[in-house]
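Have the viewer open and follow along.

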Amino acid sequence: MVRIIVPPDKSISHRAVIFSSLAKGRVEINNFLFAEDCLSTISVLKSLGIQITTFSNKRKVVVLGKGKFSFSPPKKALYAGNSGTTMRIMMGVLAGQGFESVLDGDQSLRSRPMNRVIRPLEKMGAKIESKEGYPPVRILPAKLKGAKIESQIASAQVKSAILLAGLHADGRTHYREFITSRDHTERMLRLFGVKVRRYNGFLIVDGKMSLQSPSTLFVPGDISSGSFFISYGLLKTGSKLVLQQVGLNPTRIGILRVIKRMGGHIRIVERVNSTEPYGNIVVKSSNLKGIRIKREEIASLIDELPIIAVMAAFAKGRTYIEAVDELRVKECDRVEAIRYNLARFGVDVRIIEKKGRTDLEIWGTSKFSQPKSIRTWSDHRISMAFAIMLAVLGMDLDVVDDKNCVGISYPEFWDTLNAVSKGENYGC
Ligand code: S3P
């Protein structure tokens, strides 16, 4: 049995440093993710005058927050790198600060839509300029007021931006999404002493509330990063893997439900129930079967779709995934990236556009061709998903055109894959 530690959760790490910066007092964050995206968030917060000390060898960060309105105006544009979470959540934080700021990012981030955050923030009185809805975004000083916002998109980034803007607004902010997205923000706000009420499907925050330091905070392992090795364990004949201390937040574990329906042998042991539940995940090689993944499930497994598509390629029969539209606007167009790369292996894969919706159909096979190259579009999750596929098939990993991009969320990915392929433990 091979045991591995997966990296700390990216979504929770971002929120941990942001919320700690908004709280009064010292917060020690343990098991913080030292990967490019979360380092972008730290760098943005430091440019806003927040004192943050990092201890990368201990995976620890110490933040000295000074309260909600204590940020200093930045001297230059704030650079969010590749990180949509940094940019969108920070827009919510900055909209009501009362000074001007500019948020920018790399080429990929500059092609990601921001109107989904700009429009509701404008409803709260924010003044934001952008390049027709794309970064860079310029946030002008404005006084915010509470508003009632209903979102058609199931997005935790949008929800988090609005709830945080609501804490900088006069009055109450109501927010409702038609499908629940990951709820790390709601859980963490409560940990910081902020009452997030629920009424009639709306989340409600009051601008009078302030955040209080919880002193320490623990970030569990990232189920999204873990999914790559969960899939390896299921697909590689004869393997049995244990992933330790992986986050099991119910709004994130759609992939576990999908794997069970596909017939995968997976179980959870040593579960710990805290603000963010976590536990050990045990998987062993399984014969998978194709299934239908419904539109309502997508938000709970959005980042796992590239690796689910890889599993579908090995499953018996057809896998049909409804409403993958949001994948088009991730770090790259992941719908096209999945289609393009699966087709390189000779997999029968189809994008189906109907009724204004994008679905994905994948037929499992046992005959794969050796791709000449894997095109990643420098997207970390595309790089890792197809690396797993190559490793399961015993094919050359050097065909991946960008191996470095895994540093966005999983700097130790290649070392972990190397260890696991040799039947060795990693990180424990
Ligand atoms: C994230 C939310 C999701 C997810 C992203 C991280 C977050 O994006 O895809 O990787 O931390 O809030 P959306 O909110 O756009 O769905």
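Which strand does P136 lie in? This is a predicted model, and in it P136 belongs to β8, the strand that covers residues 134-140. For context, most peptide bonds are trans.

N31 isn't a glycine, yet its phi is positive, at about 65°. You'll find N31 in the loop that runs between β2 (24-30) and α2 (36-47). Again for context, most residues other than glycine have a negative phi.

Now for the ligand. The space it takes is the largest pocket. Why does the ligand lie between domain 1 and domain 2? Both domain 1 (9-218) and domain 2 (223-421) give residues to the shell around the ligand, so that's where it ends up.

Who's in that shell? S11, R15, T85, R88, A154, S155, A156, Q157, R182, I302, D303 and K330 surround the ligand. By type, the shell residues split into 5 charged, 4 polar and 3 nonpolar. Three helices, α1 (10-22), α3 (84-94) and α5 (156-166), each supply at least two residues of the shell.

| Side chain | Ligand atom | Distance |
|---|---|---|
| R15, polar atom | oxygen | 2.6 Å |
| D303, polar atom | oxygen | 2.7 Å |
| K330, N or O atom | oxygen | 2.7 Å |

How much of the ligand does the protein bury? On its own the ligand exposes 380 Å², and the protein buries 95% of that.

To find your way around on screen, you could start with R15, whose polar side-chain atom is 2.6 Å from a ligand oxygen. Then turn to K330, where an N or O atom of the side chain is 2.7 Å from an oxygen of the ligand.

Terms used: Residues are numbered from 1 along each chain as its sequence is written. This is a predicted model: local features need pLDDT of at least 70, side-chain atom pairs count only at pLDDT 80 or more; totals for chains, interfaces and linings use all residues. Side-chain values use heavy atoms; hydrogens and water are left out. A residue is near a molecule or strand if one of its heavy atoms lies within 4 Å of it. A polar contact is a pair of N or O atoms within 3.5 Å; within protein, one must be able to donate a hydrogen and the other to accept it, and residues adjacent in sequence count only if both atoms are side-chain atoms. Accessible areas come from the Shrake-Rupley method with a 1.4 Å probe; for residues, only the protein chains shown count as cover. On a 1 Å grid over the protein atoms alone, a cavity is a set of points where a 1.4 Å probe fits but cannot get out, and a pocket is an open set with protein on both sides within 12 Å along at least five of seven lines; lining residues have an atom within 4 Å of a point. A molecule sits in a cavity or pocket if more than half of its atoms lie within 2 Å of its grid points. Helices (H or I, at least four residues) and strands (E, at least two) are DSSP runs, numbered from the N terminus. Ala, Val, Leu, Ile, Met, Phe, Trp, Tyr, Cys and Pro count as nonpolar, Asp, Glu, Lys and Arg as charged, and the others, Gly among them, as polar. Domain bounds come from an automatic or database domain assignment.
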